[in-house]
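Trainee: I have just opened this one and could use a guided look. Could you walk me through it?

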Amino acid sequence: MTLSIMSFLISCTENDRTSIAPSNADPYKEVLLEMGFQEEYIEIVSGGYLVEGDLLYTREVLEPFLQNDETADKHRSICPSGSGFPLNIDNVSNVEFFLDHNTLPTFWIIQLKAAIDEYNALEGTAISMRWRKIMPGTTYDGPNQCLVRAEYNYSTSANAWVQPRPCLSGEIGWELVINLATNSGSPEQRKQISMHEMAHVIGFHHTNTSQGTYISGTCVDDPLSIVHTDGWGSPPVFTTCDVEAFQLAYPD
């Protein structure tokens with residue numbers, strides 16, 4: 001399985017480096033194109049750039065790649081997709097999802113919790129997750145903490161998306177957003193979406209795209225992978241290839 005990870009490697013030598021952007025181009029979009037994302041899958045939205053339907057890259061995340069210094073070189077060579085991989089295992093082994101009960105409908109909360117249970121049932125991997133309810137005064141900006149909320153966003157057809165944290169931090173995704181303006185489907189589909197997005201939160205990219213780094217030892221092709229871009233409607237279960245990738249990326 002080509003379960004890609006969000007650390008697509010780009011050569012950072014002077015001879016091989018692609019110039020960022022002409023002055024009349026969108027420099028942030030050019031960064032995404034240089035990473036290998038296809039232009040038709042880059043959507044400009046109010047929060048930044050929605051890539052492949054469910055990965056929200058903010059300008060803050062992309063900004064370091066535009067710097068003409070060693071910082072930019074390091075970002076390009078290690079984690080140009082905006083989230084270095086693997087993430088810090090201490091963060092992945094203690095993931096905390098803060099569920100915003102003020103915006104999330106109960107039928108979504110149920111499936112988000114069910115998705116967390118699926119990850120915790122995995123064997124041979126250090127991945128461990130739990131959910132917490134946001135209470136007055138609660139903070140959720142730790143390196144292992146991810147806010148989960150819902151909104152009505154009619155400007156995009158995306159069911160949900162994840163916002164990664166800045167590169168090199170080793171931290172899990174900053175935010176997972178459920179879009180209530182789209183058809184949420186059946187309970188199984190909501191669970192599948194939750195499991196898919198949670199894989200992004202811990203650094204995994206889409207299985208069937210060229211962006212990312214192939215995890216040696218996993219399947220070359222896995223159309224039923226939980227992180228496949230065409231997973232809508234697939235069973236909300238991890239395939240054998242998914243499990244192998246989780247174990248290799250974050251061994252117990």
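**A walk through the model**

Mentor: Bear in mind that this is a predicted model.

Trainee: Okay, and where does Gln-111 lie?

Mentor: Gln-111 is part of helix α5, which covers residues 106–120. Leaving aside residues up to four places away in sequence, Gln-111 touches Pro-187, Arg-190, Lys-191 and Ser-194.

Trainee: Switching to rings, how many aromatic pairs does the structure hold?

Mentor: There are nine aromatic pairs in the structure. In one of them, the ring centres of Phe-98 and Tyr-140 are 5.8 Å apart and the planes meet at 40°, so this pair is tilted. The pair links distant parts of the chain, with Phe-98 in strand β4 and Tyr-140 in the loop between β5 and β6, 42 residues apart.

Trainee: And is Phe-98 buried or exposed?

Mentor: Phe-98 is buried, with a relative accessible area of 0%, whereas Tyr-140 is partly exposed at 29%.

Trainee: Which residue forms an edge-to-face pair with Tyr-119?

Mentor: That is Phe-238, at 4.8 Å centre to centre and with 70° between the planes. Tyr-119 sits in helix α5 and Phe-238 in the loop between α6 and α7, 119 residues apart, and both residues are buried. Ring pairs also join Tyr-119 and Phe-238 with Phe-204, Phe-246 and Tyr-250 in a cluster.

Trainee: Last one: what lies over the face of Trp-131?

Mentor: Lys-113 does, at 3.6 Å from the ring centre, while Arg-59 lies over the face of Tyr-28, at 5.7 Å from the ring centre.

Definitions and conventions: Residues are numbered from 1 along each chain as its sequence is written. This is a predicted model: local features need pLDDT of at least 70, side-chain atom pairs count only at pLDDT 80 or more; totals for chains, interfaces and linings use all residues. Side-chain values use heavy atoms; hydrogens and water are left out. Helices (H or I, at least four residues) and strands (E, at least two) are DSSP runs, numbered from the N terminus. Contact means heavy atoms within 4.5 Å. Rings of Phe, Tyr and Trp (its six-membered ring) pair if their centres lie within 6.5 Å; planes under 30 degrees apart count as stacked, over 60 as edge-to-face and the rest as tilted. Buried means under 20% relative accessible area, exposed over 50%, partly exposed in between (1.4 Å probe, protein chains only). A charge sits over a ring if NZ of Lys or CZ of Arg is within 6 Å of the ring centre and within 35 degrees of the ring normal.
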